[in-house]
Amino acid sequence: MTRREKNHWRDLAVAGAMPRFREPLHVGLPNLPDRGNFHSRIDAALDRRRLTNDGPLVRELETSLARHLRVRHCVVVANGTLALSLALRAAAVRGEVILPSFTFIATAHAVEWQNMTPVFCDVDPATHNIDPARIEERITDRTSAILGVHVWGRPCAVDAIETIAKKRGLVVLYDAAHAFSCSTNGTMIGNFGAMEAFSFHATKFFHTLEGGAVTTNDNALAATVRKMRDFGYDENDDVVTLGTNAKLNEIGAGMGLALLDDLDRILDVNRANYRAYERELAGISGVRLITHNDTERSNYQYIVLEVDGSDAALDRDELLAVLKAENVLARRYFDPPCHECEPYRSRKEMARGRLEHTDRLSRRLLCLPTGERVDDDTIRAIGGIVRTSMQHAGAIRKALAR
Ligand code: T4K
């Protein structure tokens, strides 16, 4: 928005109902643990002069995460993208991999980076996750895996995907980057498919600065990922397979351990923030907050708003512009979706059927700020901006168009 537009904006009668935040309010502002806890873990690592290569903090973190996720093996790695790449390689996936386009670009790039071919499948508009009813039409004799993504921490239809995979002899993997500490039918995400890949990036509610993990209940796969993470070395220091450097360092592990001690507090904050958004956004026509199954564990990490964009209300990009003018830096995820990004967009085979719901969702969703720096007053103010914007959509649209 230009200065002239902003001035005009301020002149609008509705502007008084729109509190402007003094500091920009970001989506993805990292949560922090108790500093004393973090510092003492880091001091111990410095005293030991053991900074990386499967150090004691990494080992302790793996044990704690496996316990939390109730999974047999948790192999922590340098980031979520490498977690995906290692899982794909360890599962010996070849040829085509069916995955949603409605995901962060890392999911598709991890497949492509391993010289496999991503085949994009549409999502269920209700869950935003890969639609099992559309998977079979994507299977060819070159398909070897289905890679589901638990978008916004809401679990994929794991049973339906498993059934298709069994019938067609395919490997199932999950990108669980959004789904740490979530469950489905009482089982923690991390236990499904052959392996699941987590991201512990700083913007995730639980993080290790940069980081990620592969989880599995399969002993052989876990052993393979462990070797691949460390140049292919085995426990006897022999190089027994192709590997890379995907190791997490001790500082990141120290952050993860300290945050795990605070996990219940952070989950409480996220849940309370989600409930506050539910209250503040209730009844505003043209916007809908995504729902979570409250009988399961959820991390409420993303506050996702669907903006329907009818004539009577602002569309998603108009609402984003209003929020930005008021210093609320909401974000579009995932726009453009993967199939609209290079190198996928230019490919002929991308013409294989439209991704109707993916295209539609990517134009309608935005994420609002949450986490421990966001409180009830902030959410009330953001709710006020959204409500006023939608109530005065006509006048605001004119101001935006100037
Ligand atoms: N699969 C899925 C489904 C994923 O969502 C992701 C990552 C992956 C796989 C890959 O995992 P990693 O390899 O990343 O571990 C962010 C994150 O960088 C990315 O990790 C995340 N998903 C994605 C959904 O969001 P951007 O491009 O939005 O990041 P950026 O740098 O623009 O930051 C977002 C906001 O956070 C900004 O408003 C500023 C704020 N921020 C960020 C950082 C890093 C801070 O306030 N402080 C910080 O330290 O991708």
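These entries record what I looked up around the ligand and along the backbone of a predicted model.

**Ground rules.** I number residues from 1 along each chain as its sequence is written, and side-chain values use heavy atoms, with hydrogens and water left out. As the model is predicted, local features need pLDDT of at least 70 and side-chain atom pairs count only at pLDDT 80 or more, while totals for chains, interfaces and linings use all residues.

**Ligand shell.** I looked up the residues around the ligand (one heavy atom within 4 Å) and found 23, with Thr81, Asp175, Ser199, Arg331 and Tyr333 the closest. By class, eight are nonpolar, twelve polar and three charged; here Ala, Val, Leu, Ile, Met, Phe, Trp, Tyr, Cys and Pro count as nonpolar, Asp, Glu, Lys and Arg as charged, and the others, Gly among them, as polar. I find at least two shell residues in each of α4 (80-90) and α5 (105-113); helices (H or I, at least four residues) and strands (E, at least two) are DSSP runs, numbered from the N terminus. Domain 1 (3-31 + 262-330 + 369-401) and domain 2 (35-261) each give the shell at least three residues, with bounds from an automatic or database domain assignment.

**Polar contacts.** I took pairs of N or O atoms within 3.5 Å. A polar side-chain atom of Asp175 is 2.6 Å from a ligand nitrogen. On the backbone side, an N or O atom of Val27 lies 3.0 Å from a ligand oxygen, and a polar atom of Gly28 lies 3.5 Å from a ligand oxygen. The protein buries 75% of the 920 Å² that the ligand exposes when taken alone (Shrake-Rupley method, 1.4 Å probe).

**Backbone.** Most residues other than glycine have a negative phi, and most peptide bonds are trans. I noted a cis bond from Tyr333 to Phe334, omega near -5°, and another cis bond from Glu342 to Pro343, omega near 5°. Phe334 is in the loop between β13 (328-329) and α12 (356-364), and Pro343 lies in the loop between β13 and α12. Asn185 has a positive phi, near 50°, and belongs to the loop between β7 (183-184) and β8 (187-188).

Technical notes: Polar contact = N/O pair within 3.5 Å; in protein donor to acceptor, adjacent residues only side chain to side chain.
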